[in-house]
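I opened my notebook to look up how this chain is put together.

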Amino acid sequence: SDKGFSETDEAEVEDVNLLTQEQVDKILADVPKDESGKERARLKIKKAMYELGRLYRDRLSNSEKSVAILEELNQRYIGNIHELDSWYYLYLGYTDLNDAAKAKVYYDKIVLKYPTSTYGKILLNPNYAQEYLNTERQLNRTYDEVYSLFEQGEYQAVLTQSKTNIGRLTGKHQLKPRYALLMAMSTGST
């Protein structure tokens with residue numbers, strides 16, 4: 001007898017129900033259609049890759065996965081918004097993995113392209129982080145002294161000291177709005 005299948009042994013092919021246009025539209029609803037939508041999607045991907053790489057090192061102590069993800073991020077999206085941060089994490093990750101040569105690659109990239117960044121300053125001056133913390137502690141102590149003057153009702157002294165101290169703060173320092181509030185309350189009280 002024939003070793004092949006007879007017609008009666010063959011499985012019957014069921015009818016495949018095709019999706020309606022409404023179902024197709026629902027499935028594809030989140031797929032970006034224009035360039036701005038595609039760019040938003042790429043930004044989300046870049047951020048997710050950076051965050052994942054950072055979490056692998058910081059929370060899971062898995063530097064191998066961290067460097068793999070961050071390397072892929074920088075290969076897929078050259079010059080991305082997370083470049084500096086990811087380079088620093090790559091430097092840390094390769095240092096964790098005792099790969100001095102690759103750590104040096106990222107050290108050099110950071111100090112060459114971003115020497116004045118916080119990471120650049122930390123790499124170029126190992127004491128930078130401690131000096132920065134000491135400066136922040138001093139600024140906070142100075143604010144506490146001005147706040148104490150406010151509590152004592154020394155409103156004119158608060159105004160004078162606040163103006164001086166705000167001049168010492170750079171960028172969007174966290175103490176600026178606190179000084180502004182003290183000045184506003186002192187002005188209202190004089």
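**Overall layout.** I read along the sequence and found the pattern α-α-α-α-α-α-α-α-α. The secondary structure comes to 9 helices and 0 strands, where helices (H or I, at least four residues) and strands (E, at least two) are DSSP runs numbered from the N terminus. I noted that this is a predicted model, in which local features need pLDDT of at least 70 and side-chain atom pairs count only at pLDDT 80 or more, while totals for chains, interfaces and linings use all residues. Residues are numbered from 1 along each chain as its sequence is written, and side-chain values use heavy atoms, with hydrogens and water left out.

I then looked up burial: 28% of the 190 residues are buried (under 20% relative accessible area, with exposed over 50% and partly exposed in between; 1.4 Å probe, protein chains only). For contacts (heavy atoms within 4.5 Å) between residues at least 6 apart in sequence, 46% join residues at least 24 apart.

**Nonpolar cores.** Which residues touch the most other members of the largest nonpolar core? I found Tyr88, Leu90, Tyr91 and Ile110, out of 22 residues. Such a core is a set of buried Ala, Val, Leu, Ile, Met, Phe, Trp, Tyr and Cys residues joined through side-chain atoms within 4.5 Å. Two or more residues each come from helix 2 (35-58), helix 3 (63-76), helix 4 (83-96), helix 5 (100-113) and helix 6 (118-124). Helix 4 gives the largest share of this core, 8 residues. Apart from it I found another core, of 9 residues, including Tyr143, Val146, Phe150 and Leu182.

**Leucine 90.** This residue lies in helix 4 and counts as buried at 0% relative accessibility. Leaving out residues up to four places away in sequence, leucine 90 touches Val67, Leu70, Glu71, Asn74 and Tyr106. I also checked the C-alpha atoms of leucine 90 and alanine 68: they are separated by 9.1 Å, with the residues 22 apart along the chain.

**Aromatic rings.** I counted 10 aromatic pairs (rings of Phe, Tyr and Trp, its six-membered ring, with centres within 6.5 Å; planes under 30 degrees apart are stacked, over 60 edge-to-face and the rest tilted). Tyrosine 50 and tyrosine 89 make an edge-to-face pair, 6.3 Å centre to centre with 80 degrees between the planes. Tyrosine 50 lies in helix 2 and tyrosine 89 in helix 4, so this pair ties together parts 39 residues apart in sequence. Both are buried: tyrosine 50 has a relative accessible area of 7%, and tyrosine 89 has 12%.

The pair of tyrosine 91 and tyrosine 107 is tilted, because the ring centres are 6.2 Å apart and the planes are at 50 degrees. It links helix 4, with tyrosine 91, to helix 5, with tyrosine 107, 16 residues apart. Tyrosine 107 is partly exposed, at 23% relative accessible area. Not counting residues up to four places away in sequence, tyrosine 91 touches Ala103, Tyr106, Tyr107 and Leu123. I also found a cluster in which ring pairs link Tyr143, Tyr147, Phe150, Tyr155 and Tyr179.
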